[in-house]
Amino acid sequence: MLSTTHALLASLRVTMAARALLASTLRVSRLAGRTVHVRCASGGGIPTDEQQATGLEKAIMRSMKAGTDPYSMLKPKQYSGSKQDPHIVPSITNKRIVGCVCEEDNTAIVWFWLHEGEAQRCPSCGSHYKLVPHDLPH
Ligand SMILES: [Zn+2]
């Protein structure tokens, strides 16, 4: 009789434990099925990089979005060097030193200052170079 009572109590405990487990599982699944909106205290959510960037970082992001090359990382375009199609030289100041390899096999480089304004010519070969403003340092 005593062993029967113990067995009954043990099975009751197991049943209660199983019911508690089932209830907690149901609670979890009910939460999982519901759409939960988590927001920050400000109500606007977490700000994106574009929303919180300032200064140079913002200018770079805007430039990258526009498809330009803020760091001059891409290969330069080919220019013929004529008056109509001068070599474009970006600069963050109003002048820049340019080295011209006048002909493909030359071992000496002709260096000269290129100033803002009209296109200038290489003193040796006569190729045209034009300085264009580049506002982002790299
Ligand atoms: Zn040259």
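Let me start with what C122 touches. Setting aside neighbours within four places in sequence, C122 contacts C100, C102, V110, F112, S127 and Y129. This is a predicted model, so please hear each value as computed from it. C122 itself sits in a loop, the one between β4 (120-121) and β5 (128-133). Its relative accessible area is 4%, so C122 is buried.

The UniProt entry, which is unreviewed, carries a "binding site" annotation on C100, C102, C122 and C125. These positions are spread over 26 residues of sequence, yet they cluster in space, with a largest C-alpha distance of 8.6 Å.

Now C100. This residue belongs to strand β2, which covers residues 95-100. Again leaving out neighbours within four places in sequence, C100 is in contact with A108, I109, V110, F112, C122, C125 and Y129. C100 has 2% relative accessibility and therefore counts as buried.

Are C102 and C125 buried or exposed, or something in between? C102 is at 19% relative accessibility, and the cut-off for buried is under 20%, so C102 counts as buried. C125 is partly exposed, because its relative accessible area is 36%.

A disulfide is a covalent bond between the sulfur atoms of two cysteines. How many disulfides does a search of the whole structure find? The search finds zero.

To recap: the record annotates C100, C102, C122 and C125 as "binding site", and C122 is in contact with both C100 and C102.

Note on methods
Residues numbered from 1 in each chain as written. Predicted model: local features only at pLDDT ≥ 70, side-chain atom pairs only at ≥ 80, totals over all residues. Heavy atoms only, no water. UniProt positions renumbered as here; feature names shortened; annotations may be inferred. Helix = DSSP H or I, 4+ residues; strand = E, 2+ residues; numbered from the N terminus. Buried < 20%, exposed > 50% of the residue type's maximum accessible area, 1.4 Å probe, protein only. Contact = heavy atoms within 4.5 Å. Disulfide = S-S within 2.5 Å.
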